[in-house]
Amino acid sequence: MSTRMFSEDQLERLRSYPDIGRDDLIRYFTLTPADVAFIDPGRGRGPTDRLGLAVQLATLPWLGFVPDEVNSAPPAAVARLAERLGVDPAVLAEYGQREQTRSDHLRLVSGYLGWKSAPAGSTAMKELDQFLLDRAMEHDSPTLLFNLATEYLMAAKTIRPGVTTLAKMVATARTSATVLAWEKVAHLLTDERRGDLDRLLMYDAGRKMTRLAWLIKAATDASATSVKTAVDKLLYLRNMDAHTLDMSVLAAERRRFLASVGRRSTNQALERREEQRRYPILLAVVTQSAIDQVDEVVMLFDQAVSARESRAKSKTDEALIERAKAGEARQLLLDVILPVLADPAIPDEQIGRPAAQHDRDE
C-alpha cells in the first residue's frame, strides 16, 4: 500500500539521516553536563558505545526517531559529539553491530528524555490513527500527511514508528477519509441529482464539450457574449439547485480539495472513478461553481460596464478636443479679421463691408 504513495528512494530518505544545517547542529548536537553524565564511562561503556549513545541522544529530538544505521549520522554532528566526549569520531563505525545494543540504548535514551514508544495496538497508535483521519479529511497529499504525523508525534514525544508502518497508516487514513466523505454527503444524492451529475460528464454537441468542461471554463474577456455565457452557467447551476446544497458537513479544505480534483481531472478519469469518489467530487465542483459563478457574473458585468463607460468617455474627450481645436481656429481667425474690420483706412468695398449710410444716400 505504501509503495503506491512513495517510491523506494523516498522511503529510503524518510528512514535515513538527512543533511544537517548549522542551526540544527548547534541545537541538537550540543551535550549538556547532564547529558555527559548520562553517557559517563563509569557505567562500563567504551568509546564506541559512548559515542553511539550520544548520537542517539541527539538524534531522537532532532528527527523524532533514530535511523537503524546510527553510524551514518552526519559527519559534522558526529565530530561535534566526539570532541565533547574526547573520543575519536572513527570509533562510531563499529557501533551497533549488535541490534540489541542499539535497541537497549534507544530505550535508555527515550527514558532519559521522557519519550515513549508507540507499539501496535497501543493508545498512542489509536490516537495517531484518529489524528491522521482528521487531517486526511482536510488534506490528501501523502507527503503532507506523513509530515503532519511526524510533527504530531514529536510534539507528543512519541518515537515515530517505522516508515513503512507510518506510510500504511497514511494510506489507510486517506481511504477512510474517502469513505467518510461519501457517508457525509450521500443524503444529498437523490436519483434526480445523480442524473444531473452524470449529465455533467456527457458530451454536449451544442457546446462542443462536456457540460462540466463548459462550467469550469473561465471567461477570456468581458464582452457581452462572455457576460451572457456566465449568466447561462449560473442559471444552469441554479436549475440543478447547486446553490442550495449544504456541503458544510465536509471541512472547507476537503471541499476545496475535491473541487480541485474535479477541475483538473479529465472526463475519462472521472468516469472511471467509483461512485463513492466520483459523486463527492462532482458535488464539490457544482457547489463551489455556484458560488464562483455569482462572483464571475458580477465581475464580468462590472468590467463590461466599465469598458463601455471608458469607451464613451474616450469618445466624449475626443469630441471635446475637436471642439476646442475648432474654437481655437475661430479665435485665430477673429484675431486676424477684427483688426482689418476696425481699420478706417481700408475702404469698405475692399473687405466686402456694406457702405456707410451716408455713402448710400449720396
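Phe 146 counts as buried, at 2% relative accessibility, where buried denotes under 20% relative accessible area, exposed over 50% and partly exposed the range in between (1.4 Å probe, protein chains only). The model is a predicted one, in which local features need pLDDT of at least 70 and side-chain atom pairs count only at pLDDT 80 or more, whereas totals for chains, interfaces and linings use all residues. Residues are numbered from 1 along each chain as its sequence is written, and side-chain values use heavy atoms, with hydrogens and water left out.

The structure holds six aromatic pairs, a pair being rings of Phe, Tyr and Trp (its six-membered ring) whose centres lie within 6.5 Å, with planes under 30 degrees apart counted as stacked, over 60 as edge-to-face and the rest as tilted. The rings of Phe 6 and Phe 146 have centres 5.7 Å apart and planes at 75°, so this pair is edge-to-face. Distant parts of the chain are linked by the pair, since Phe 6 belongs to the segment before helix H1 (8-14) and Phe 146 to helix H8 (residues 142-155), 140 residues apart; helices here are DSSP runs (H or I, at least four residues) and strands likewise (E, at least two), numbered from the N terminus. Phe 6 is buried too, with a relative accessible area of 4%.

The rings of Phe 131 and Tyr 152 are stacked, because their centres lie 4.3 Å apart and their planes are at 15°. Phe 131 is located in helix H7 (residues 123-136) and Tyr 152 in helix H8, so the pair ties together parts that are 21 residues apart in sequence. Phe 131 is buried, with a relative accessible area of 16%, while Tyr 152 counts as partly exposed at 25% relative accessibility. Ring pairs also join Tyr 17, Phe 29 and Trp 62 into a cluster.

Charged side chains were examined against the rings, a charge being taken to sit over a ring if NZ of Lys or CZ of Arg is within 6 Å of the ring centre and within 35 degrees of the ring normal. Arg 207 lies over the face of Tyr 236, at 5.9 Å from the ring centre, and the charged end of Arg 278 sits over the ring of Tyr 279, 4.9 Å from its centre.

Asp 204, in strand S1 (residues 203-204), is buried, with a relative accessible area of 13%. Residues up to four places away in sequence being left aside, Asp 204 touches Met 209, Thr 210 and Arg 211, contact meaning heavy atoms within 4.5 Å.
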